[in-house]
Amino acid sequence: MEDDVDEANWTFTNISLDDESADGEPTVQRFILEEQYSIMNCEIDDMENQVEQEEKSRLINQVLELQHTLEDLSARVDAVKEENLKLKSENQVLGQYIENLMSASSVFQTTDTKSKRK
């Protein structure tokens, strides 16, 4: 607050309570400096706005961080899917290769026990 404020521009509001308080004593009249009251309200509004802006900024940063995390996870899922397809393909090739080796080897030939007994 500035010290060089022109006091002639200040207005006072006289808020009067009952003429006497509950104990019979005269009440004190209260004076509120409207300009100071207005300044205090503006400062409170500014602080509330600053808190709101900080909260918005924090939430925006959190949303951006979550979006990046989601992008990273999506990329990882795509990479895992691609790796899975490669492994399936390799597995089929290896399976076919093993089948060919087994059919070419006499060790793995099926024996017909019924025809040998006859």
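**Close-up 1. Glu55 and Arg58 join their side chains in a salt bridge.** The N to O distance is 2.8 Å in this predicted model. Both residues sit in helix H1, three residues apart. That spacing means about one helical turn separates Glu55 from Arg58. Glu55 has a relative accessible area of 36%, so this residue counts as partly exposed. Arg58 is partly exposed too, at 44% relative accessibility. Side chains of opposite charge can pair when their charged atoms come close.

**Close-up 2. A salt bridge links Lys86 and Glu82.** Here the N to O distance is 3.8 Å. The two residues are four apart in helix H1, about one turn of the helix. Lys86 has 44% relative accessibility and counts as partly exposed. Glu82 is partly exposed at 48%. The structure holds two salt bridges.

**Close-up 3. Negative charge gathers in a patch on the surface.** Its members are Glu43, Asp45, Asp46, Glu48 and Glu52. Glu52 belongs to helix H1, which covers residues 34–104. Is Glu52 buried, partly exposed or exposed? With a relative accessibility of 47%, Glu52 is partly exposed, because that class lies between 20% and 50%.

**Close-up 4. Nonpolar residues form a surface patch of about 640 Å².** Tyr97, Ile98, Leu101, Met102, Val107 and Phe108 make this patch. Leu101 is part of helix H1. At 45% relative accessibility, Leu101 counts as partly exposed.

Definitions and conventions. Residues are numbered from 1 along each chain as its sequence is written. This is a predicted model: local features need pLDDT of at least 70, side-chain atom pairs count only at pLDDT 80 or more; totals for chains, interfaces and linings use all residues. Side-chain values use heavy atoms; hydrogens and water are left out. Patches are made of residues with over 30% relative accessible area and no salt bridge: like charges are joined within 9 Å, nonpolar side chains (Val, Leu, Ile, Met, Phe, Trp, Tyr) within 5 Å. Accessible areas come from the Shrake-Rupley method with a 1.4 Å probe; for residues, only the protein chains shown count as cover. A salt bridge is a side-chain nitrogen of Lys or Arg within 4 Å of a carboxyl oxygen of Asp or Glu. Lys and Arg count as positive and Asp and Glu as negative; His and the chain ends are not counted. The place of a charge is taken as NZ of Lys, CZ of Arg, CG of Asp or CD of Glu. Buried means under 20% relative accessible area, exposed over 50%, partly exposed in between (1.4 Å probe, protein chains only).
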